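Let's take a friendly walk through a protein model, one stop at a time. Have the sequence and the 3D view ready.

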Amino acid sequence: MFQSAGDILEKLVKLNQNGGADSNKAATKAYSSALTWVVVVTVFAGIIGIAAAYWLIRSISGPLKSAVGLAERVSNGDLRTQVAIGGTDEIGQLLGALTRMQTNLASVVGQVRQGSESVATASAEIAQGNHDLSARTEQQAS
């Protein structure tokens, strides 16, 4: 009787040990699966973050390059260049201000050109009048 109780107790200990090993295997499998999901989600989030950063950089640097290019062309004397204003943010406002500056500068240059043409015409008329006066004065003197 004691021997059969010992056998039963020994079987229970083996069963407990086997159950622990099975639980350990199940926990290891669950840990591996969870770790795989964490790695996949982290990589996916990293890719989304890199793509968002790239888009943000391009959306800022592109219009800034346009603004710098417009300012360079105006500083080189090209007042006919047109730039499309793409938004209402600060960069769009900067491009709008640069475009208005270019338009106003072209208007001022046009007015100065008209004024200088008027001065040139008036000076040519004065020179002609002086020449006529000189000729009459010379004729009177002779």
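A residue is called buried when its relative accessible area is under 20%, exposed when that value is over 50%, and partly exposed in between. Keep in mind as you look around that this model is predicted.

Start with Thr99, which you can find in helix α2, spanning residues 90-141. Is Thr99 buried or exposed? Its relative accessible area is 15%, so Thr99 is buried. Now look at what surrounds this residue. Leaving aside residues up to four places away in sequence, Thr99 touches Leu70, Val83 and Ile85. The side chain of Thr99 also has a polar atom 2.8 Å from the backbone oxygen of Leu95.

Next, move over to helix α1, which covers residues 2-75 and includes Leu35. Leu35 has a relative accessibility of 41%, and therefore counts as partly exposed.

Our last stop is about charge. Side chains of opposite charge can pair when their charged atoms come close. How many salt bridges does the structure hold? The structure holds one. The side chains of Arg80 and Asp78 meet in a salt bridge, with a distance of 3.9 Å from N to O. As for the two partners, Arg80 is exposed, because its relative accessible area is 73%. Asp78 has a relative accessibility of 26%, so Asp78 counts as partly exposed.

Technical notes:
Residues numbered from 1 in each chain as written. Predicted model: local features only at pLDDT ≥ 70, side-chain atom pairs only at ≥ 80, totals over all residues. Heavy atoms only, no water. Helix = DSSP H or I, 4+ residues; strand = E, 2+ residues; numbered from the N terminus. Buried < 20%, exposed > 50% of the residue type's maximum accessible area, 1.4 Å probe, protein only. Polar contact = N/O pair within 3.5 Å; in protein donor to acceptor, adjacent residues only side chain to side chain. Contact = heavy atoms within 4.5 Å. Salt bridge = Lys/Arg side-chain N within 4 Å of Asp/Glu carboxyl O.
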